[in-house]
Amino acid sequence: PRSALELPYTFESGGPPIILKPHIYAPYNAQATLVTREAFWAQMLPMTVHGRVSDIWRSYISQRLLWSAGLRLTFHSAWVVQV
């Protein structure tokens, strides 16, 4: 989240998550993303944009909806390894 932290930022393995406050946007994609049951409804993809960017647009739209539902976006150290 560029607007919330000094760059460069590196997550420590097993360190605390970053929980964004309402009205702070941070784009994310669908790769290695964990969604709780309470927020699963916000995973619908917009169909009016190209598929390669639809998950990014969804991240902006869903963040606004999550705030209204009292939910927050959290970033954490990686829990998968791409090989």
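Author: The questions and answers below concern this predicted model.

Reader: What share of the residues of the chain counts as buried?

Author: The C-alpha trace spans about 35 × 35 × 25 Å along its principal axes. The accessible surface comes to about 6,700 Å², and carbon and sulfur atoms hold 60% of that surface. Of the 83 residues, the share that counts as buried is 23%.

Reader: Is S59 buried or exposed?

Author: S59 has its place in helix α1. Apart from neighbours within four places in sequence, S59 is in contact with P27 and Y28. Buried means under 20% relative accessible area. The relative accessible area of S59 is 0%, and therefore S59 is buried.

Reader: Which backbone oxygen does the side chain of S59 reach?

Author: S59 lies in helix α1. The side chain of S59 comes to a distance of 2.5 Å from a backbone oxygen, and that oxygen belongs to I56.

Reader: How does L65 count, given its relative accessibility?

Author: L65 is found in helix α1. The class between buried, under 20%, and exposed, over 50%, is called partly exposed. The relative accessibility of L65 is 41%, so L65 counts as partly exposed.

Reader: What accessible area does the nonpolar surface patch that includes L65 have?

Author: The patch is formed by Y25, W41, V53, W57, Y60, I61 and L65. Together these residues have an accessible area of about 670 Å².

Reader: Which residues are linked into a cluster by ring pairs?

Author: A search of the whole structure finds three aromatic pairs. Ring pairs join residues into a cluster, and its members are Y25, W57, Y60 and W67.

Reader: With which residues is A30 in contact, leaving aside its neighbours within four places in sequence?

Author: A30 is found in the loop between β1 and α1. Its relative accessibility is 44%, and A30 therefore counts as partly exposed. With the neighbours within four places set aside, the contacts of A30 are D55 and R58.

Reader: What distance separates the C-alpha atoms of A30 and E6?

Author: A30 and E6 are 24 residues apart along the chain. The separation of their C-alpha atoms is 24 Å.

Terms used. Residues numbered from 1 in each chain as written. Predicted model: local features only at pLDDT ≥ 70, side-chain atom pairs only at ≥ 80, totals over all residues. Heavy atoms only, no water. Patch = residues over 30% accessible without salt bridge, like charges linked within 9 Å, V, L, I, M, F, W, Y side chains within 5 Å. Areas by Shrake-Rupley, 256 points an atom, 1.4 Å probe, with all protein chains shown as cover. Salt bridge = Lys/Arg side-chain N within 4 Å of Asp/Glu carboxyl O. Helix = DSSP H or I, 4+ residues; strand = E, 2+ residues; numbered from the N terminus. Buried < 20%, exposed > 50% of the residue type's maximum accessible area, 1.4 Å probe, protein only. Polar contact = N/O pair within 3.5 Å; in protein donor to acceptor, adjacent residues only side chain to side chain. Contact = heavy atoms within 4.5 Å. Phe/Tyr/Trp six-rings, centres within 6.5 Å; stacked < 30°, edge-to-face > 60°.
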